[in-house]
Every structure is written in C-alpha cells, then in structure tokens.
Amino acid sequence: MPLTSVPRVKTNGTSIRPRLTDSPTPIPERTLYWEFGKQVGDPNSGIVGDVFQAARRGKWKAVRYGKEAPVQLFNLNNDPGESNDLSAVQPEIHAEFTRLLQEHS
C-alpha cells in the first residue's frame, strides 16, 4: 500500500527501494539538513544549550557551531576533514547555505 493512501501521513522523501533491487534508479540530488542540540549541565535536565547545524548538497557542506556563529563552507571532495573554510572563495554558495541555515534557526 502506498504511503499516500494512509490518512495524515505526509512524506517529503525519496524511496530507496529501487536502489535495493537489481534495477536501481538514480536518486535526484537534494539538500540534507540536520542539527544537534548540545546538552547543558545535568544530562537529565533536558536543557539544550548551543545548537549546531549542518547542511550538505553534493560536494558542499556548511556547518554552524551555534546559532550566532558564522557559517563555514567546505568542499568534501577536496577536503573531507573540513579544514579549509571556503566561505570567502565561494560567496554565492556560502550565501545560499547561510539562508538555509537561518531559515531553520
């Protein structure tokens, strides 16, 4: 049964089922976003401190270590260790990722 036939279920993903068969189809490029809230004080307090954000599309990954921190941009093909921030060298890509991360703030 397709998920679209289930009431109140809304999906925004892409099925990987074809990739698990003998006739895989390409998955369209998409931007992945995630965040991590750093725990503050007692692990049972439930208080979240700094929120770290990241987004990735293709070879590009942007990270921000705190909502007020600058967005850093990396080319993972050339720099898998994320040691060379390319924000100043790729201002258009940096601006695009900065907008994305700010939308999720």
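Modeller: Let me begin with a term: contact means heavy atoms within 4.5 Å. Please keep in mind throughout that this is a predicted model. Leaving aside neighbours within four places in sequence, asparagine 75 is in contact with Lys59, Trp60 and Leu86.

Biologist: How do you know that the span of helix α1 agrees with its number of residues?

Modeller: Helix α1 runs over residues 91-103, and at 1.5 Å a residue its 13 residues should span 18 Å. The end C-alpha atoms of α1 are 18 Å apart, which agrees with that expectation. In α1, the buried residues are Ile93, His94, Phe97, Thr98, Leu100 and Leu101.

Biologist: What puts them on the same side of α1?

Modeller: They cover an arc of only 160° around the axis, and therefore lie on the same side of α1. On the other side of α1, Pro91, Glu92 and Glu103 are exposed.

Biologist: What makes arginine 57 and glutamate 96 a salt bridge?

Modeller: The label asks for a side-chain nitrogen of Lys or Arg within 4 Å of a carboxyl oxygen of Asp or Glu; the side chains of arginine 57 and glutamate 96 meet at 2.9 Å, N to O, so they form a salt bridge. This pair links distant parts of the chain, with arginine 57 in strand β2 and glutamate 96 in helix α1, 39 residues apart. Glutamate 96 has a relative accessible area of 36% and is therefore partly exposed.

Biologist: How many salt bridges does the structure hold?

Modeller: The structure holds two. The side chains of glutamate 82 and lysine 61 also meet in a salt bridge, at 2.7 Å, N to O. Here glutamate 82 sits in the loop between β4 and α1, while lysine 61 belongs to strand β3, 21 residues apart. With a relative accessible area of 14%, lysine 61 is buried, whereas glutamate 82, with 22%, is partly exposed.

Biologist: Turning to the rings, how many aromatic pairs does the structure hold, and why is the pair of phenylalanine 36 and phenylalanine 52 called tilted?

Modeller: The structure holds two aromatic pairs. Phenylalanine 36 and phenylalanine 52 are 6.4 Å apart, centre to centre, with 40° between the planes. Planes under 30 degrees apart count as stacked, over 60 as edge-to-face and the rest as tilted, so 40° makes this pair tilted. Phenylalanine 36 lies in strand β1 and phenylalanine 52 in strand β2, so the pair ties together parts that are 16 residues apart in sequence.

Biologist: What makes the pair of phenylalanine 52 and tyrosine 65 edge-to-face?

Modeller: The ring centres of phenylalanine 52 and tyrosine 65 are 5.5 Å apart, and their planes stand at 80°, so the pair is edge-to-face. Phenylalanine 52 lies in strand β2 and tyrosine 65 in strand β3, so this pair ties together parts that are 13 residues apart in sequence. Phe36, Phe52 and Tyr65 form one aromatic cluster.

Biologist: Which accessibility label does phenylalanine 36 receive, and why?

Modeller: Exposed means over 50%, and phenylalanine 36 has a relative accessible area of 52%, so phenylalanine 36 is exposed. Tyrosine 65, with 47%, is partly exposed, and phenylalanine 52, at 23%, also counts as partly exposed.

Conventions: Residues are numbered from 1 along each chain as its sequence is written. This is a predicted model: local features need pLDDT of at least 70, side-chain atom pairs count only at pLDDT 80 or more; totals for chains, interfaces and linings use all residues. Side-chain values use heavy atoms; hydrogens and water are left out. Helices (H or I, at least four residues) and strands (E, at least two) are DSSP runs, numbered from the N terminus. The expected span of a helix is 1.5 Å times one less than its number of residues. Buried means under 20% relative accessible area, exposed over 50%, partly exposed in between (1.4 Å probe, protein chains only). The arc is that of the directions from the helix axis to the C-beta atoms. Rings of Phe, Tyr and Trp (its six-membered ring) pair if their centres lie within 6.5 Å; planes under 30 degrees apart count as stacked, over 60 as edge-to-face and the rest as tilted.
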